[in-house]
Each structure stands twice: as structure tokens, then as C-alpha cells.
Amino acid sequence: MGHQLGGGLVELRHLRTFETVARTLSVTQAARELHYAQSSVSDQIQALERELGVELLDRSQRRIRLTPQGSVLSEYTNRILKLLEEARWAVSRPGSELAVGALETVGLHLLPDVLAHYRSLYPQARVRVGQDNRGELYKAVRRGDLDLCLTFGDPPADAGLCFETLAEEPLVVIVPPGHHLAARGRAGLEELARESFLATERGCGFREMYDGSFGAAPTKEPIAEVSGIGTLGACVAAGMGCALLPLISVRGQAARGEVAVVEVGDTDLRTTVTMTWLDRNSANPNLTGFQTVLRNQLGS
């Protein structure tokens, strides 16, 4: 596949290869990412230079650099490839489907009202909703399997991912109904750190909240690790210990009297509700419409 640019026939694969070299400034790294031999990467760049009649890379130093012409082409190449991805999305996605992923807690407590409002505004839109842990949700967004995901906290740094904080959610401690802190409803970090805590497994976002919330207080290792916050809440209700969780995830249990909520009195512990999407899909009208609903519903 070729495209007329500068009087010559420029192949799209050459532009993709050039974009990778320009981004990594390494033929070796580009070859690894593209699954090409290094000689093939070099040949494609040289072919592109011949077609355009300019040098794109300065090879005089130990580490390659973009020439001024290469820097200009890099900007255009990024725009061309992004537009191509948008076009591919537009012709390959079935109908007006929107794929959304969320953590279990967010999906259960925040998404229903959002989806209902979105459906009222876009009755022809088809929405597919899935739930998973944070790591898998981010991977699905990167692959293009999800248009957007909703999590607590910010995603890992990734040049292809965009994210936006929609709301803040307070973190609270839940204790069994008969616990000595239940009647007080408030305690400081140092006092809480002397209690027995349960937590989710390492790698889980809720575990990160627990590990990072006590600051300089002498936080102990949790007495037990469980795989989900439903089980975590049930263990607290059974009297095993305490747990630190977003308030939204424990309101139901507290209202039923299964657990008691204790606020952290000497600091303001919070997490964020964040939407994450792939930058190249930012022009997707279904996505932008859903993002507007999210901002209006959760931001308020």
C-alpha cells in the first residue's frame, strides 16, 4: 500500500517503521517492537529517505537523532497514523457499540445511573459492560477491547492512555457492629493502626489504598488477605477484624447493620474515581457522548 507524498510513492509500513524509530531513537528497539530484523528497519528508513529526497536520521553520532526534516515528518506521521486508526475504528466497529469496563465496586454502585441516563440520551446506542481488576481493565483499553474503563486511582504512565478524574471518594474503616470503635464512629490513624486489619491481595487497588493510607503510623501486615471486597466485608461482619475501603463500597452493609463505619479523624483519606481511554479513540462520538454523561453524573 502506497501514498503519494513529496512526488514519490511512500509505503504506509515505512511510515509506521519511521514513527517507531523516531519515538525510540533506536533501530534495535524499533526492530524489537515491530518484530522486524534490524536490517529490514534500516532498509525501510533508507527507502523512505530516497523517496522523499531528504535525510531523516542523523547517524553521525553514536546514538541516532532526527534531522530537522525528520522532526517535521515525525509530526505528520503521528497525525497520519492516528487518523488511520480512527478510520479503522469507524469502519470495523459494529453499529454504535460502546464497550465499557469497571471495577466491581464502581460497576455496582456508580454505573447503573450513568448507563440509564446515557441510554435515555442515546437510545440507539448499544452498550457492552464488563468487570475486572485494574490491571486487566487497562490492558483491555490498550488492546482496544474497551473504549473506556472506570477505576479508583490513576492508571500507570502510558503514552497511549488518557485519563481524567471524575470524583473523589472518602476512605473509611469498617468494623464489626460490637467493636469498641463502632459507637464512637471516629478514630485517629495511630489508634487505628493498633487494630487488626484484613486486606485484599497484593496487586489489588484496594490493597494499595490500605498500604498507602497510614503514612508514618506503624501499619501492621493484615492478619488475612482475601480476593474480593465482598468477602472482605463479610469477614469484617463476622468479627475477624477491620478493613479500609471507599465509603461507596460499604454503605449497603452499614445500612443493614452488618458493619459499622469509622471515619479517620486526623486526616482526609480519599481516592479518586477515574476514567481511562485510548488517546487514538478520542474522536469516537460514542465515547465522547458517554464521557459527557460521566462528567455530569459523577462530577455532581
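The model is predicted, and local features need pLDDT of at least 70, side-chain atom pairs count only at pLDDT 80 or more, and totals for chains, interfaces and linings use all residues. Residues are numbered from 1 along each chain as its sequence is written, and side-chain values use heavy atoms, with hydrogens and water left out.

**Overall build**

- The protein has 12 helices and 14 strands, where helices (H or I, at least four residues) and strands (E, at least two) are DSSP runs numbered from the N terminus.
- Its radius of gyration is 25 Å, whereas a compact globule of 300 residues would have one near 19 Å; the radius is taken over C-alpha atoms, and the globule rule is 2.2 Å times the number of residues to the power 0.38.
- Along the principal axes, the C-alpha atoms fill a box of roughly 80 × 50 × 30 Å.

**Largest pocket**

- The largest pocket has a volume of about 800 Å³ (a pocket is an open set of points on a 1 Å grid over the protein atoms alone where a 1.4 Å probe fits, with protein on both sides within 12 Å along at least five of seven lines; a volume is the space filled by probe spheres set on the points, which are joined across faces, edges and corners).
- Its lining comprises 18 residues, with Glu19, Arg23, Glu85, Gly160 and Arg280 nearest the centre; lining residues have an atom within 4 Å of a point.
- Two or more lining residues come from each of helix 1 (12-24), helix 2 (27-34) and helix 4 (68-92), and helix 4 gives the most, with 5 residues.
- By class, the lining holds 5 nonpolar, 3 polar and 10 charged residues (Ala, Val, Leu, Ile, Met, Phe, Trp, Tyr, Cys and Pro count as nonpolar, Asp, Glu, Lys and Arg as charged, and the others, Gly among them, as polar).

**Second largest pocket**

- The second largest pocket holds about 340 Å³ of space, and among its 19 lining residues Leu103, Asn133, Cys204, Phe206 and Ser227 lie nearest the centre.
- This lining divides into 5 nonpolar, 9 polar and 5 charged residues.

**Helix 2 and helix 3**

- The axes of helix 2 and helix 3 (residues 38-52) come within 8 Å and cross at roughly 105°, which means that helix 2 is roughly perpendicular to helix 3 (65 to 115 degrees; axes are lines fitted to C-alpha atoms over the stretch in contact, and angles run from 0 to 180 degrees between N-to-C directions).
- Val27, Thr28, Ala30 and Ala31 in helix 2 meet Gln38, Val41 and Ser42 in helix 3, contact being heavy atoms within 4.5 Å.

Definitions and conventions:
Parallel < 35°, antiparallel > 145°, perpendicular 65-115°, else oblique.
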